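Here are my notes on this one, point by point. Have the model open while you read.

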Amino acid sequence: MSLPEPAAGQLHPLHLPPQKVAVGTYIVQAAQQGLGAPLSVHLNSAVIQGAEPIIVDTGSARNRHHFIEDVFSLVEPADVRWVFLSHDDSDHTGNLAEVMEMCPNATLLCSWALVERFGNAYDFPLRRCRWVNDGDSVQAGDRTLVALRPPVYDSPATRGLLDTSTGVYWAADAFATPVPGGPGTAPAADVAELNPQAWWDGMVMFGVHALAPWLSLVDRGRYAKTVRNVQGHRIKSIISGHSPVIGEDRVAEAFDMIGRLADTTPPPCPDQQVLELMLHTMGGQ
């Protein structure tokens, strides 16, 4: 399906080739330039191969051509048995209809809340759905998948996904961070490539402004317990919608950082004056 050309001042996501993160596990990736700053944001989905292949989230409609091409270079559509949706944001559900049509043998793995919230945009084939709550496990051929909600999220429909055979955890939007990179520049593939302070600042910016502004309201003890509970699932690496790969040597540090988010004071959120300055710089576009 073709897409309209981007409006002036807008860009299609930068296409990046699939990245292998574990045996039979690949990130399907793109990157979007940040507004008014030399930063990029990862736009990731994933494919897990195996006896019952799984597509993890369905990407952005603005990246449809490359998403479809990349996903089905890794797995045949008829072989896909599961399509997992972490939550209902458009950059995670943008190609849902196309994927479900192309994969007639796939079951849609998601939460009841997602179906209720997204039912105005997609006619869910309920006979092809399987609903999972936080902590539920699903046997997918040669591996066990655990629906594990991350510590921070922006939708009550959110479920992360832990593949216990590899220890790779799909964390939905959690652990998100913008990374340095201007137009046409490939962003960091692994957080090990980031300056530690830039990684922390990015997690604060994204985590508190764009993902979980409610963090300042939470009981610190209960939040810390939630972080520990997720971390206790033998996670070997973390992949998410908007972060470089967090490898095994950085997982503990990443959980420490996400645990500290509730105690941070983020920088001011851009306001109308910032928008007007951006428009002036762009020539009124």
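**Notes on the model**

1. The cut-offs here are under 20% relative accessible area for buried, over 50% for exposed, and partly exposed in between, with a 1.4 Å probe and protein chains only. Trp214 is also partly exposed, because its relative accessibility is 27%.

2. Before going further, the ground rules: this is a predicted model, where local features need pLDDT of at least 70 and side-chain atom pairs count only at pLDDT 80 or more, while totals for chains, interfaces and linings use all residues. Residues are numbered from 1 along each chain as its sequence is written, and side-chain values use heavy atoms, with hydrogens and water left out.

3. How many aromatic pairs does the structure hold? There are four, a pair being rings of Phe, Tyr and Trp (its six-membered ring) with centres within 6.5 Å; planes under 30 degrees apart count as stacked, over 60 as edge-to-face and the rest as tilted. Tyr122 and Phe124 make an edge-to-face pair, since their ring centres are 4.9 Å apart and their planes stand at 85°. Tyr122 and Phe124 are both buried. Together with Phe118, they form one aromatic cluster.

4. Back to Tyr153 and Trp214: these two form a tilted pair, 5.5 Å centre to centre with 50° between the planes. The pair links distant parts of the chain, 61 residues apart: Tyr153 is in the loop between strand E9 (143–147) and strand E10 (161–163), Trp214 in the loop between helix H5 (196–211) and helix H6 (220–231). For the labels, helices (H or I, at least four residues) and strands (E, at least two) are DSSP runs, numbered from the N terminus.

5. Have a look at Trp200 too: the charged end of Arg260 sits over its ring, 4.3 Å from the centre. The test for that is NZ of Lys or CZ of Arg within 6 Å of the ring centre and within 35 degrees of the ring normal.

6. H5 packs against helix H7 (residues 251–260) at about 45°, with the axes 10 Å apart. Axes are lines fitted to C-alpha atoms, for helices over the stretch in contact, and angles run from 0 to 180 degrees between N-to-C directions. That makes the two helices oblique to each other (under 35 degrees is roughly parallel, over 145 roughly antiparallel, 65 to 115 roughly perpendicular, the rest oblique). Also in H5 is Gly207, which counts as buried because its relative accessibility is 5%.

7. Now the open sheet: five strands in the order E8-E9-E10-E11-E13, with mixed pairing. Strands E8 (137–140) and E13 (237–239) are at the edges with a single partner strand each, so one side of each has no neighbour in the sheet. The twist averages 25° from one strand to the next. E11 (residues 168–170) pairs with E13 in the parallel sense over three bridges, and Val168 stands opposite Ser237. Strands pair if DSSP finds at least two bridges between them.

8. Last, strand E2 (residues 25–33): seven of its nine residues are buried, so E2 is largely enclosed by the rest of the structure. Six bridges join E2 to strand E1 (residues 14–22), running antiparallel, and nine join E2 to strand E3 (residues 39–48), again antiparallel. E1 and E2 form a hairpin with two residues between them, and Gly24 in the turn has a positive phi of about 70°.
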